[in-house]
Amino acid sequence: MQQMIPLPALMKPEQAAEYLGCSPQKLERDRWCEKKIPYVKIGRHVRYRAVDLINYVNKNIVNVPE
């Protein structure tokens, strides 16, 4: 059974990092180098949309043969 976790529509990098199980510094490096996860700039603030984080997780599922 899949567990549903309520997420805010826009998350601070610290919240996004906690959801993904990584550090905020990893997300910052990603923004500067790889740009894999879309983000939103609001003034000088960075925010992540919950839908983009969920899509990122779903795109990185590795199926293991049974």
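This note goes through the predicted model point by point, from its overall layout to individual side chains.

1. Basis of the model. The structure is a predicted model, in which local features need pLDDT of at least 70 and side-chain atom pairs count only at pLDDT 80 or more, whereas totals for chains, interfaces and linings use all residues. Residues are numbered from 1 along each chain as its sequence is written, and side-chain values use heavy atoms, with hydrogens and water left out.

2. Overall layout. The protein contains three helices and three strands, which follow one another along the sequence in the pattern β-α-α-β-β-α; helices (H or I, at least four residues) and strands (E, at least two) are DSSP runs, numbered from the N terminus. The C-alpha trace spans about 45 × 25 × 15 Å along its principal axes. Of the 66 residues in the protein, 23% are buried, where buried means under 20% relative accessible area, exposed over 50% and partly exposed in between, with a 1.4 Å probe and protein chains only. Among contacts (heavy atoms within 4.5 Å) between residues at least 6 apart in sequence, 50% join residues at least 24 apart.

3. The nonpolar core. Which residues make up the largest nonpolar core? Its ten residues are Met11, Ala16, Ala17, Leu27, Ile37, Val46, Tyr48, Ala50, Leu53 and Tyr56, a nonpolar core being a set of buried Ala, Val, Leu, Ile, Met, Phe, Trp, Tyr and Cys residues joined through side-chain atoms within 4.5 Å. Helix H1 (13-20), strand E3 (45-49) and helix H3 (50-59) each supply at least two residues of this core, and H3 gives the most, with three residues. In soluble globular proteins, nonpolar side chains tend to be buried together. Alanine 16, not counting residues up to four places away in sequence, touches Met11, Leu27, Tyr48 and Leu53.

4. Arginine 31. This residue lies in helix H2 (residues 24-32) and deserves a careful look. Beyond residues up to four places away in sequence, arginine 31 touches Pro13, Tyr39, Val46 and Tyr48. Arginine 31 also lies over the face of tyrosine 39, at 5.8 Å from the ring centre, the criterion being NZ of Lys or CZ of Arg within 6 Å of the ring centre and within 35 degrees of the ring normal.

5. The aromatic pair. The structure holds one aromatic pair, formed by tyrosine 39 and tyrosine 48, which is tilted, with 6.3 Å centre to centre and 55 degrees between the planes. Rings of Phe, Tyr and Trp (its six-membered ring) pair if their centres lie within 6.5 Å, and planes under 30 degrees apart count as stacked, over 60 as edge-to-face and the rest as tilted. Tyrosine 39 counts as partly exposed because its relative accessibility is 30%, whereas tyrosine 48 counts as buried because its value is 1%.

6. Salt bridges. How many salt bridges does the structure hold? There are two, each defined as a side-chain nitrogen of Lys or Arg within 4 Å of a carboxyl oxygen of Asp or Glu. One joins lysine 26 and aspartate 30 (4.0 Å, N to O); because these residues are four apart in helix H2, they are separated by about one helical turn. Lysine 26 is partly exposed at 28% relative accessibility, while aspartate 30 is buried at 2%. The other joins aspartate 52 and arginine 49 (2.8 Å, N to O), with aspartate 52 buried at a relative accessible area of 10% and arginine 49 partly exposed at 38%.

7. Strands E1 and E2. Leucine 10, in strand E1 (residues 10-11), is partly exposed at 40% relative accessibility, and valine 40, in strand E2 (residues 40-42), is partly exposed at 25%. Leaving aside neighbours within four places in sequence, leucine 10 is in contact with Gln15, Val40, Ile42, Arg47, Tyr48 and Arg49, and valine 40 with Leu10, His45, Val46, Arg47 and Arg49. The C-alpha atoms of leucine 10 and glycine 43, 33 residues apart along the chain, are separated by 14 Å, and those of valine 40 and alanine 16, 24 residues apart, by 12 Å.
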